[in-house]
Amino acid sequence: MENLYQRFKTVVRKFGLSKQYLAGDFYRICQISPDCYSIACLKAGPCGESLYHPQLKVSTQHHQLVILSYFDNVETPAQSVLLSEESTEFLETKLEILLARFEHLLSIEPSGDSV
């Protein structure tokens, strides 16, 4: 989990607390509280609403990362997973995938503006 913590902090530092349109989707990191963040990929829905594909909420305390929840309402059926002993591996995998997307986007030239 230490590796995920470092990767997350690096992405937050490079991406910032912002919403950006990159590679056809919106990507957003926002700070919910001093130690809690939301990191998400958002797709535009048919009525202009934002659909999470996915959104993860994480807590950063004492140089540790705790993944609190996962939500994806593009998947059918929509997926909502809260932290539990059974869900830890699933949540870590989903965060690794989303971080990899952010890292890839940060490694290429941005194609949009911050919103």
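Start by selecting phenylalanine 26, which sits across from leucine 42 in S3. Before you go on: this is a predicted model, with local features needing pLDDT of at least 70 and side-chain atom pairs counting only at pLDDT 80 or more, while totals for chains, interfaces and linings use all residues. Residues are numbered from 1 along each chain as its sequence is written, and side-chain values use heavy atoms, with hydrogens and water left out.

**The S2 neighbours**

Now show S2 and S3 together: they run antiparallel, joined by seven bridges. Strands here are DSSP runs (E, at least two residues) and helices are too (H or I, at least four), numbered from the N terminus; two strands count as paired if DSSP finds at least two bridges between them. The link from S2 to S3 is a hairpin through two residues.

Pick tyrosine 21 and you'll find phenylalanine 26 as its bridge partner in S2. S1 and S2 also make a hairpin, with two residues between them. Click on alanine 23 in that turn and check its phi, which is positive at about 50°.

**The salt bridges**

Which residue forms a salt bridge with lysine 43? Select aspartate 25: the closest N and O atoms of the pair are 3.0 Å apart. The rule is a side-chain nitrogen of Lys or Arg within 4 Å of a carboxyl oxygen of Asp or Glu. Lysine 43 belongs to strand S3 (residues 36-44) and aspartate 25 to strand S2 (residues 25-33), so this contact ties together parts 18 residues apart in sequence. Aspartate 25 is buried at 11% relative accessible area, while lysine 43 is partly exposed at 26%. Buried means under 20%, exposed over 50%, and partly exposed in between (1.4 Å probe, protein chains only).

By this rule there are two salt bridges in the count. For the other stop, select glutamate 103 and arginine 7, whose side chains meet at 2.9 Å, N to O. Glutamate 103 is in helix H2 (residues 88-107) and arginine 7 in helix H1 (residues 2-15), so the pair ties together parts 96 residues apart in sequence. Glutamate 103 comes out partly exposed, at 31% relative accessibility.

**Last stop: leucine 68**

Finally, select leucine 68 in strand S5, residues 64-72. At 32% relative accessibility, leucine 68 is partly exposed.
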